[in-house]
Amino acid sequence: MSNLIANTATYVSSLLKKLQVKQFLAVVLVGFLLLTTNIDSGSNNKALPKQINEIAHDRDSVRPKTTREWEKEGRETENSPGERLGRIGKESAKAFQEFGSGYIEGAKQTANQAKEAATNIIP
């Protein structure tokens with residue numbers, strides 16, 4: 001009896017391999033997902049470029065944030081590499097300072113959350 005079940009299972013699996021059902025089902029599933037998913041939802045948001053620009057310039061830093069601003073600065077200092085290196089150094093220092101302040105704020109929030117979680121666990 002077990003031999004009959006094993007032979008049947010072997011026959012069914014070989015039949016499935018011949019028909020390539022797995023590949024067919026994978027193609028059908030991918031096609032279904034592509035046809036039912038709204039891929040182009042980002043282009044419908046007209047306010048998105050303005051929001052991104054506001055986020056990029058939310059700090060009162062004078063260093064360039066966008067590619068256009070970097071290219072403009074590069075053209076301004078094209079013939080004076082010393083001035084360009086000086087600006088890059090100042091802007092890098094400012095960027096590290098901004099990053100460091102964000103890191104410190106995040107670390108403080110994480111420490112406060114951990115402290116609150118610990119006090120909730122230990123009565």
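Residues are numbered from 1 along each chain as its sequence is written. In this predicted model local features need pLDDT of at least 70, side-chain atom pairs count only at pLDDT 80 or more, and totals for chains, interfaces and linings use all residues, while side-chain values use heavy atoms, with hydrogens and water left out.

Biologist: In what order do the elements of the chain run from the N terminus on?

Modeller: Helices (H or I, at least four residues) and strands (E, at least two) are DSSP runs, numbered from the N terminus. The chain has five helices and zero strands. The order is therefore α-α-α-α-α.

Biologist: Which helix has the highest confidence in the chain?

Modeller: Confidence is given as pLDDT, the predictor's value for each residue from 0 to 100. The chain averages 78, and 85% of the residues score at least 70. Helix α3 (residues 48–56) is lowest, at a mean of 73, and the highest, at 85, is α4.

Biologist: What percentage of the 123 residues in the chain is buried?

Modeller: Buried means under 20% relative accessible area, exposed over 50%, and partly exposed in between (1.4 Å probe, protein chains only). The chain exposes about 11,100 Å², by the Shrake-Rupley method with a 1.4 Å probe, where for residues only the protein chains shown count as cover. Carbon and sulfur atoms supply 62% of that area. The buried share of the residues is 7%.

Biologist: How many salt bridges are there?

Modeller: A salt bridge is a side-chain nitrogen of Lys or Arg within 4 Å of a carboxyl oxygen of Asp or Glu. E76 and R87 meet this rule at 3.2 Å, N to O. E76 lies in helix α4 (residues 67–76) and R87 in helix α5 (residues 81–121), so the pair ties together parts 11 residues apart in sequence. E83 also pairs with R87, at 3.3 Å between the closest N and O atoms, and the count comes to two.

Biologist: About how many helical turns separate E83 and R87?

Modeller: E83 is partly exposed at 42% relative accessibility, and R87 is partly exposed at 26%. E76, E83 and R87 are linked in a network of salt bridges. Because E83 and R87 are four residues apart in helix α5, their separation is about one helical turn.

Biologist: Is M1 buried or exposed?

Modeller: M1 lies in the segment before α1 (2–19). With a relative accessibility of 76%, M1 counts as exposed.
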